[in-house]
Amino acid sequence: MQNLWTAIASIAALIAAIWAIWAWFHDRVRSKRIAEIEEEKNKRIKDIEDQEKRLKEEKKRHEKTVEEYRKTREIIHKKRDEKLTNIENRIQELYDDLQNYKLSVEKNFVDKVEHNRTMERIEERLTEIQKTLMNHFGNTCKS
């Protein structure tokens, strides 16, 4: 019976040794898997941080581009407005010149009409004077 108990104790010791080896191996595999998971987690965190950094840089570039576009647009609108103002001023100058010319032409026309009327009156008066002189000298010559 002693051999039976020795055999059972040996089997129990063997089972305990196998279980200890299995536990050690399982613990080692589990530790390795935990290290892999930790490494993968750290890699993902680094990827996320890199992506956040790239997004921040991209946002800054975008904001800078938008600001440059806004400034460029303001400059373009300012230049366009200046050109339009210059064109409007030139048009107004030309319109004023045209109005002045029109007034000048009208004044010249009125002056010519006045001149012509004055000349007609002078001619009429000269004709009257001539008739009067002819009458006077004609009457003097006849007497």
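How many residues apart do E67 and R70 lie in helix α1? They are 3 residues apart, about one turn of the helix. The wider setting of this pair is described first, and the pair itself is taken up again below.

The structure is a predicted model, in which local features need pLDDT of at least 70, side-chain atom pairs count only at pLDDT 80 or more, and totals for chains, interfaces and linings use all residues. Residues are numbered from 1 along each chain as its sequence is written, and side-chain values use heavy atoms, with hydrogens and water left out.

The protein chain contains 1 helix and 0 strands. Its radius of gyration is 60 Å, well over the 15 Å that the globule rule gives for 143 residues, so the chain is more spread out than a compact globule. Here the radius is taken over C-alpha atoms, and the globule rule is 2.2 Å times the number of residues to the power 0.38. Along the principal axes, the C-alpha atoms fill a box of roughly 205 × 15 × 5 Å. Helix α1 spans residues 2–142; helices (H or I, at least four residues) and strands (E, at least two) are DSSP runs, numbered from the N terminus.

Buried residues account for 0% of the 143 residues, where buried means under 20% relative accessible area, exposed over 50%, and partly exposed in between, with a 1.4 Å probe and protein chains only. The accessible surface of the chain comes to about 14100 Å², and 60% of this belongs to carbon and sulfur atoms. Such areas come from the Shrake-Rupley method with a 1.4 Å probe, and for residues only the protein chains shown count as cover.

As to charge, the chain carries 31 positive and 28 negative side chains, and the centres of the two sets lie 3 Å apart. Lys and Arg count as positive and Asp and Glu as negative, while His and the chain ends are not counted; the place of a charge is NZ of Lys, CZ of Arg, CG of Asp or CD of Glu.

The count of salt bridges (a side-chain nitrogen of Lys or Arg within 4 Å of a carboxyl oxygen of Asp or Glu) comes to 10. One of them joins E67 to R70, with the closest N and O atoms 2.3 Å apart. R70 also meets E74 in a salt bridge, at 2.3 Å from N to O. R70 and E74 are separated by about one helical turn because they lie 4 residues apart in helix α1. E67 is partly exposed at 30% relative accessibility, R70 is partly exposed at 30%, and E74 is partly exposed at 43%.

A further salt bridge connects D111 with K107, the closest N and O atoms being 3.2 Å apart. These two residues lie 4 residues apart in helix α1, about one turn of the helix. D111 counts as partly exposed because its relative accessible area is 36%, whereas K107, at 53%, is exposed.

M119, I122, L126, I129, L133 and F137 form a nonpolar patch with about 520 Å² of accessible area together. Patches are made of residues with over 30% relative accessible area and no salt bridge; like charges are joined within 9 Å, and nonpolar side chains (Val, Leu, Ile, Met, Phe, Trp, Tyr) within 5 Å.
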